[in-house]
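Open the model in a viewer and keep the selection panel at hand. The stops below say what to select next and what is there.

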Protein chains: 2
Amino acid sequence: MARAQTLSRNQQIVLDIIEKAKGPLKAYSILFNVQKKGINAPQQIYRALDKLIEMGKIHKIESKNAFVACRSSDCEISKATAFSICESCEMVDEISDAKLSKYISSFNHKKGMKFKRFNLEFFGLCKKCK
Amino acid sequence: MARAQTLSRNQQIVLDIIEKAKGPLKAYSILFNVQKKGINAPQQIYRALDKLIEMGKIHKIESKNAFVACRSSDCEISKATAFSICESCEMVDEISDAKLSKYISSFNHKKGMKFKRFNLEFFGLCKKCK
DNA sequence: ATAACAAACGTTATATTATAACACTATGAT
DNA sequence: ATCATAGTGTTATAATATAACGTTTGTTAT
Ligand SMILES: [Zn+2]
Ligand SMILES: [Zn+2]
Ligand SMILES: [Zn+2]
Ligand SMILES: [Zn+2]
């Protein structure tokens, strides 16, 4: 039987923190925030993060080595992710734009590569920082 | 006066290595490769990398923390980068597709953010690994 | 030419991000 | 029951990146 979508204790703790956060969180900042809950080692964080990413509950912002909760229910399990990132205040916003996503997904590389997944990161100044 | 496009000694050494490489290179692997040339410390590598990125001579593959030479003369100084990345053999190929780039560049986020730059990374299996 | 400035350099130390390895526990399937 | 899979806790270490400091080099202005 395929695993139920139930989260383990550590996974739930990590997800809660990321969901409550206003912006992207770094692994070690998550770690410091959960030491009161009995999680003491980076491994425990990274293992939870890996699974949460697999499940599509969170995403990694590659350019920042940081993690955000998935806000778009229709983001097909991290197969097509896009974010806008403010270079001033560090704000990150998940972009769910079906047209954009479809356009990029349908892009086919000349050299014969078939893509399974993409990640797009936009940089600029957010409304507040502009 | 704007700086000439001439590279310093260390910048040239680092760029040479990256250009000669078949695939993306990591900072410390570059370091190990240039120790015979008198470069001994990570700082020296990272400083050169930063400048080379600024100049648009190389790009950072964020999902791999690795660096590739820019192969497309018309890639507007790293304002719009796209790569295809093989999940099996680690090959990275810079995509220069004017239509794709234009489409993405013209994308405007609803929330009022104006973008200065984007980076897009595709993942899949290359022709050889497929 | 020389003073002034910016960019690059070399070096040591340290911070940050991520994984390896191992022993143990819980759960469910055959 | 035994087997497999997933999760846990822990210690140690690897890999990636930056801080801080003083020196040197190259350019520009006078
Ligand atoms: Zn999402
Ligand atoms: Zn902002
Ligand atoms: Zn390029
Ligand atoms: Zn391949």
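Donors are N, O and S atoms within 2.8 Å of the metal (3.2 Å for Na, K and Ca); water is not among the atoms, so sites may look incomplete. The model is predicted, so local features need pLDDT of at least 70 and side-chain atom pairs count only at pLDDT 80 or more, while totals for chains, interfaces and linings use all residues. Residues are numbered from 1 along each chain as its sequence is written, chains are lettered from A and ligands numbered from 1 in the order in which they are written, and side-chain values use heavy atoms, with hydrogens and water left out.

**Stop 1: the zinc ion**

Select ligand 2, a zinc ion, together with A:Cys86, A:Cys89, A:Cys126 and A:Cys129. Each of these residues gives its SG atom as a donor, at 2.2 to 2.4 Å from the zinc ion. Along the chain, the donors follow the spacing C-x2-C-x36-C-x2-C. Distant parts of the chain are linked here: A:Cys86 belongs to strand S3 (residues 80-86) of chain A, and A:Cys129, 43 residues away, to the segment after strand S5 (114-125) of chain A. Helices (H or I, at least four residues) and strands (E, at least two) are DSSP runs, numbered from the N terminus.

What is the arrangement of the 4 donor atoms around the zinc ion (ligand 2)? Their angles run from 104 to 112 degrees, which makes the arrangement tetrahedral. Four donors count as tetrahedral if all angles lie between 85 and 135 degrees.

A:Cys86 is buried, at 1%, whereas A:Cys129 is partly exposed, at 26%.

**Stop 2**

Select A:Lys64, in the loop between S1 and S2 of chain A. Is A:Lys64 buried or exposed? With a relative accessible area of 15%, A:Lys64 is buried. Contact means heavy atoms within 4.5 Å. Apart from neighbours within four places in sequence, A:Lys64 is in contact with A:Pro24, A:Lys26, A:Ile85, A:Glu90 and A:Val92. The C-alpha atoms of A:Lys64 and A:Leu25 are 9.3 Å apart, although 39 residues separate the two in sequence.

Next, show the side chains of A:Lys64 and A:Glu90, which make a polar contact of 3.0 Å. A polar contact is a pair of N or O atoms within 3.5 Å; within protein, one must be able to donate a hydrogen and the other to accept it, and residues adjacent in sequence count only if both atoms are side-chain atoms.

A:Glu90 sits in the loop between S3 and strand S4 (92-94) of chain A and is partly exposed, at 42% relative accessibility. Its phi is near 75 degrees, a positive value in a residue other than glycine. Most residues other than glycine have a negative phi.

**Stop 3: A:His59**

Move to A:His59, in strand S1 (residues 58-61) of chain A. A:His59 is buried, with a relative accessible area of 3%. Its side chain is joined to that of A:Glu94 by a polar contact of 3.1 Å.

**Stop 4: chain B**

Select B:Asn33 in helix H2 (residues 27-34) of chain B. B:Asn33 is partly exposed, at 35%. A polar atom of its side chain lies 2.7 Å from the backbone oxygen of B:Ser29. Then go to B:Asn65, in the loop between strand S1 (58-61) and strand S2 (66-69) of chain B. B:Asn65 is not a glycine, yet its phi is positive, at about 45 degrees.

**Stop 5: both chains**

Zoom out and show chains A and B. A rotation of 180 degrees with 0.0 Å of shift along its axis superposes chain A on chain B (RMSD 0.0 Å). That is the relation of a two-fold axis. Copies are superposed by least squares on the C-alpha atoms of residues with pLDDT of at least 70 in both, pLDDT being the predictor's confidence in each residue, from 0 to 100. Which residue of chain A comes closest to the rotation axis? A:Leu120 does, with its C-alpha at 2.2 Å. The copies meet through the same surface, because 100% of the interface residues of chain A are also interface residues in chain B.

Finish by colouring chain A by confidence: its mean pLDDT is 91, and 94% of its residues reach 70 or more.

Methods: Tetrahedral: all angles 85-135°; square planar, octahedral: opposite > 155°, others 65-115°. Buried < 20%, exposed > 50% of the residue type's maximum accessible area, 1.4 Å probe, protein only.
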